[in-house]
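Good morning, everyone, and thank you for making time for this.

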Amino acid sequence: MAMLKNAYKDGVRGMIMTPHFRKGMFETDRDTVERQFLKLREAAGEAWPDLVLRLGCEFHANLDMPEMVTEDARYRMNGGRCVLVEFSGGDPVRMISGLCRELRSGGYLPIVAHAERCGVIVKNPEVIDELHEFGAYVQINADSIIGKDGWGMKRFCAKLLRTDRIDFVGSDAHNLKSRPSRIGECAEFLRKNYGESYARDLLIRNPICIARGEEL
Ligand SMILES: [Fe+2]
């Protein structure tokens, strides 16, 4: 609730919450996740009636992912066609594009989470163009954009934004202290540096497509 309060103060009125799933590390069963989400949504509904909350998942890539997201809609974004897939920093291109292609051909719309942390994308941003070509999307973190993760990262994200390679921005908020949401600060930064329309695409229009499970 404290994190939601912060986000609300930042101007957030809609949010897709993406608790991790990662084999061997974060394996909270989806019944528990859903139950806790519904509890939170009820409390939030009383405190902020105009705040829309949806459940998603940040799914750490594994070979069973296509099967798992098919079997349980709660591994997807708002139960729709979009899936947020997280890769490890050192994963090779063939793994990133291979899994995204497989998901896409299974009818899903894959979104690569915090793409700015993928080594192969940092080395070669054209990898994103290949992903876009077959209908995968790319998300980067608010903190990376505004420079909280270092100057080099900020410069790299600026390059991605300037070349129109980014589809979504996430807060990647985990708590109030070490990884709080700075989405409000990021919104201001995007507006100032990239214009109102681009900021609205990244923070409002495109996320609404995710919630509806639609292509951008
Ligand atoms: Fe992540």
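This is a predicted model: local features need pLDDT of at least 70, side-chain atom pairs count only at pLDDT 80 or more; totals for chains, interfaces and linings use all residues.

Let me begin with Val85, which touches Phe59, Ala61, Met65, Leu99, Pro110, Ile111, Val112 and Ala113, if we leave out residues up to four places away in sequence.

Now let us step back to the whole chain. The protein chain holds 10 helices and 8 strands, and its C-alpha trace spans about 45 × 45 × 30 Å along the principal axes. Buried residues account for 35% of the 216 residues. If we take the contacts between residues at least 6 apart in sequence, 71% of them join residues that are at least 24 apart.

In what order do the strands of the open sheet lie? There are 6 of them, in the order 2-4-5-6-7-8, and the pairing is parallel. Strand 2, residues 20–21, and strand 8, residues 168–170, stand at the edges with a single partner strand each, so one side of each has no neighbour in the sheet.

We can follow the sheet pair by pair. Strand 5, helix 4 and strand 6 together form a right-handed β-α-β unit. Between strand 5 and strand 6 there are 4 bridges, again in the parallel sense, and Cys82 stands opposite Leu109 in strand 6.

How do the side chains of such strands arrange themselves? In a regular strand, they alternate between the two faces of the sheet. In strand 6, Leu109 and Ile111 point one way while Pro110 and Val112 point the other way, and all of these are buried.

Moving on, strand 6 and strand 7 pair in the parallel sense over 2 bridges, with Tyr137 of strand 7 as the bridge partner of Ile111 and with Val112 standing opposite Val138. Is strand 7 largely enclosed or left open by the rest of the structure? Of its 5 residues, 137–141, 5 are buried, so strand 7 is largely enclosed. Tyr137, Gln139 and Asn141 point one way from this strand, whereas Val138 and Ile140 point the other way. Strand 7 then pairs with strand 8 over 3 bridges, also in the parallel sense, and there Ile140 stands opposite Val169.

Let me turn now to the loops, where two backbone angles deserve a careful look. Most residues other than glycine have a negative phi. His114, however, which lies in the loop between strand 6 and helix 5, has a positive phi near 25°. His114 counts as buried because it has 21 C-beta neighbours inside 10 Å, where the cut-off for a buried residue is 20 or more. Asp172, in the loop between strand 8 and helix 9, is not a glycine either, and yet its phi is positive, at about 50°. Asp172 is also buried, with 21 other C-beta atoms within 10 Å.

The loop that holds Asp172 also holds Arg179. Arg179 touches Asp172, Ala173 and His174, not counting residues up to four places away in sequence, and it is partly exposed, with 14 other C-beta atoms within 10 Å.

Finally, let us compare distance along the chain with distance in space. Ala2, found in helix 1, is 173 residues from Asn175 in sequence, and yet their C-alpha atoms are 9.0 Å apart. Ala2 counts as exposed, with 9 C-beta neighbours inside 10 Å. Arg179 and Leu38, for their part, are 141 residues apart in sequence and 23 Å apart in space, C-alpha to C-alpha.

Key:
Residues are numbered from 1 along each chain as its sequence is written. A residue is buried if 20 or more other C-beta atoms lie within 10 Å of its own, exposed if 12 or fewer, and partly exposed in between; C-beta atoms are placed from the backbone. Two residues are in contact if their C-beta atoms, placed from the backbone, lie within 7 Å. Two strands pair if DSSP finds at least two bridges between them. A crossover is right-handed if, with the strands pointing away from the viewer, the path from the first strand over the helix to the second runs clockwise.
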